[in-house]
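Here is a short tour for a first look. Keep the structure in view as you read.

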Amino acid sequence: MQIYLPIAEVSVNAFLLLGLGGMVGILSGMFGVGGGFLMTPLLFFIGIPPAVAVATEANQIVASSFSGVLAHFRRRTVDLKMGTILLTGGLIGAALGVVLFNYLKSLGQVDLLVKLCYVVFLGVIGGLMFIESLNAIRKSRKPGGAPPKRRQRGWIHAMPLKMRFRTSGLYISVIPPMVVGLLVGVLSAIMGVGGGFIMVPAMIYLLGMPTKVVVGTSLFQIIFVTAFTTMLHATTNYTVDVVLAVLLLVGGVIGAQIGTVIGGKMKAEQLRILLAGLVLAVCGKLALDLLLMPSELYSLGAAGGH
Amino acid sequence: MRVLTYLALLAALIVPVATQATEEQVVLGLSRDRVAITANFDGSDILIFGAIKRETPIPDGDPLQVIVAVSGPSAPVLVRRKEKKLGIWVNADSVLVDSAPSFYAVATSSPFHEAISDTEDLRHKISITRAIRSVGADMNIQNAQEFAEAVVRIRANDALYSIRENTVAVDEQTLFRTEIDMPANLTEGNYSARIFLTRGGKVVSTYETTIDVQKVGLERFLFNLSREQPIVYGLMSLAIAIAAGWGASAAFRALRGT
C-alpha cells in the first residue's frame, strides 16, 4: 500500500515503514538506544530526503522511548535523579551543538563531518564494548570464580558535590554525569540522533551504573532531548513529516515493548555484546561508504541549502 | 468606391495569409487538468488527446508529427561532485544549475530527431537537455557540462525525466493521443503541457495549457499547518508520539495481564 508523505513529497510503501519501525523499536527496547543511528541511514536508503529523515526520526524516537520508559518505570529501573542531571547537561549541550552545527554548515562539508563523527564514535564505542563484554563473558564462565567487581574508586569519586543515587546504588559527584550529558547533547545535535549509543556505554563505564538501570535512565533522558530537537526542526526547517512519523512509530512502539521483554530475559553481558556488534556493523557500513568509490559521483541539492 | 474595392481586395489578400501561418491548429483535450495528491497517491496517468483543425486540405509532403512535452515547475539545483581526498570520498566541486524542471516528459509520434530539427529544438527548448538551463559554471571546474548531465541522469533514474519516442498515436494526420504517466514522487505546482505540430522537422503550430498538481485533503492540511503554524505542528507531532508510546505500553500490558 503506497502512502504519499506530505512533507517529504515522496510516495512509499506503508508496510515497509511499519516493518522498519518495528525492527528498530525492538532494538530500542532491548538496548535503551533510540535507534536513530540505525533508522536515519535506512530512511536515506528508501529515498526519504535526508533533512526530512533526520527531523522525523527525532519525533519517532520520542514515541518509542516513551513507550520503552513506561515499561522500565514499572520495573523500577529508571534512576530519575540521575536522569534529570544528565538531561540538564544534555539540553545545554544540545543548544551548544546547534550553534556549532550552524557554524560548520557555513563552512560547508558538514555532511562529511557528520559521517566521520559516526565512524569514529561508533567504532571506538563498539570496539571497547565488544572487548569488555567478551572478557566479562569469559570470566563468568570460569568455574567457582566470584563475580568480578567493576566498581573502582578513582578520580570520579574524589570530586565534590556528592549525591546519593539510590536506584543506581551510587554515591558520586554530580559533575561527571553533568559533563557526560553535556557532551552527549553536543554530539546528538551534530549527529542528529538521541545519543543513546554514546550515553549507554558512558553510564556503564564512566559512571559505573548497573546495566539494568542504565537502559531505562537513558530512555528517560532521550525523550526530552529528542522532543527538543523535533521542535527545533519543526519550527526552523519545516522538515518533520508527521505521516512518516506515525507510520514509523506505530511499528516502533510495538517493537519497543517486545524489545523490553527480550532485554529483561537476557544477561547483561550478552546484551552488551549484541549492541557492540550492531554498533560496529553500522560503523563498518559508513566507513565503506567513505572509502569505496560511490556508484553515483554526483548528488543534487536544493540551491541555498547546505 | 475605388478605395473600397482596394480595401476589399487587400482584405481578401491578407486574410488567407493570416490563416496560412496557423493553418493547422490544435484542439486539445485532457483526461484531467488537475492532479490531486491524496494520501494514497501513487502516480497518475494523464491522457492527452486532440485534433488538428484546418480549413485547407492536408498539405502534401512530409507527414504531420506531434510532440507533447509536460514539464513541472522549474527550480535551481545545486549539483555536487565527489572526489577522493586523503583516501575518502568527499563532496568537492559544485555547480549551480539555474533552472531544472522537477518533472519532464516528452512524447513524440516518431523518433525524436525525425520529429524535429536541432534548430527548432533549440528555439522551443523541447528536449530534456535543452529544458535545463545552466549558465556559466566556474571556469576552473573541469567538465562543467557533466553536472547538467548528472541532473538528467539522476532524475531519469527516479522516473522524473523521460523521453518516450513513438508513443503519440496520430490518425489520418488529424487525431492524436498519448498517455503521460506521472510517478508518485511528484512535487506540487503548475505543470505545463506543450504540444508541437511539426512537418519535416519544422514546427508549424504550438499549443500550451497547464495541469494543476496539488495536494488535497489531509495532505494539504498538514502541509499548510507545518508552514503556517510550525509550533502547533511540532507540538501536535510530539503529542501524537507520546500518545502512541503510552497507548502501545498500555495495550501491551493489558495483553500480558490477561
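The report below takes up the chain contact, a helix pair, a sheet and an annotated helical stretch.

## Where the chains meet

This is a predicted model. Chain A gives 47 residues to the contact between the chains, and chain B gives 48 residues. Several elements of chain A give two or more residues each to the side that touches chain B. Three of these elements are strands: strand 1 (2–5), strand 2 (10–13) and strand 5 (298–302) of chain A. The others are helices: helix 3 (50–74), helix 5 (110–141), helix 8 (211–236), helix 9 (242–265) and helix 10 (268–291) of chain A.

Which helix of chain A gives the largest share of this side? Helix 9 of chain A does, with nine residues. By class, the side of chain A that touches chain B holds 33 nonpolar, eleven polar and three charged residues.

## A helix pair in chain A

Helix 6 (residues 175–191) of chain A packs against helix 7 (residues 196–206) of chain A. Their axes lie 10 Å apart, at an angle of about 160°. An angle over 145 degrees counts as roughly antiparallel, so helix 6 of chain A and helix 7 of chain A are roughly antiparallel to each other. The crossing of helix 6 and helix 7 of chain A is right-handed.

Which residues meet here? Helix 6 of chain A brings Pro176(A), Val180(A), Val184(A) and Leu187(A). Helix 7 of chain A brings Ile198(A), Met199(A), Ala202(A) and Leu206(A). By class, this contact has eight nonpolar residues, no polar and no charged ones.

## A sheet in chain B

Chain B has an open sheet of four strands. Their order is 1-3-10-9, and the pairing is antiparallel. Strand 1 (24–30) and strand 9 (169–171) of chain B are the edge strands, and each pairs on one side only. From one strand to the next, the twist averages 20°.

Take one pair from this sheet. Strand 1 of chain B pairs with strand 3 (residues 44–54) of chain B over seven bridges, in the antiparallel sense. Val26(B) has Ile52(B), in strand 3 of chain B, as its bridge partner.

## An annotated stretch in chain B

What does UniProt record for residues 231–252 of chain B? An unreviewed UniProt entry annotates them as "transmembrane region". In the model, the chain is 100% helix and 0% strand over residues 231–252 of chain B. The end C-alpha atoms of this stretch are 31 Å apart.

Technical notes
Residues numbered from 1 in each chain as written. Chains lettered and ligands numbered in written order. Predicted model: local features only at pLDDT ≥ 70, side-chain atom pairs only at ≥ 80, totals over all residues. Contact = placed C-beta atoms within 7 Å. Nonpolar A, V, L, I, M, F, W, Y, C, P; charged D, E, K, R; others polar. Pairing = 2+ DSSP bridges. Axes fitted to C-alpha atoms, helices over the stretch in contact; angles between N-to-C directions. UniProt positions renumbered as here; feature names shortened; annotations may be inferred. Parallel < 35°, antiparallel > 145°, perpendicular 65-115°, else oblique. Left-handed = near helix turned anticlockwise from the far one by under 90°.
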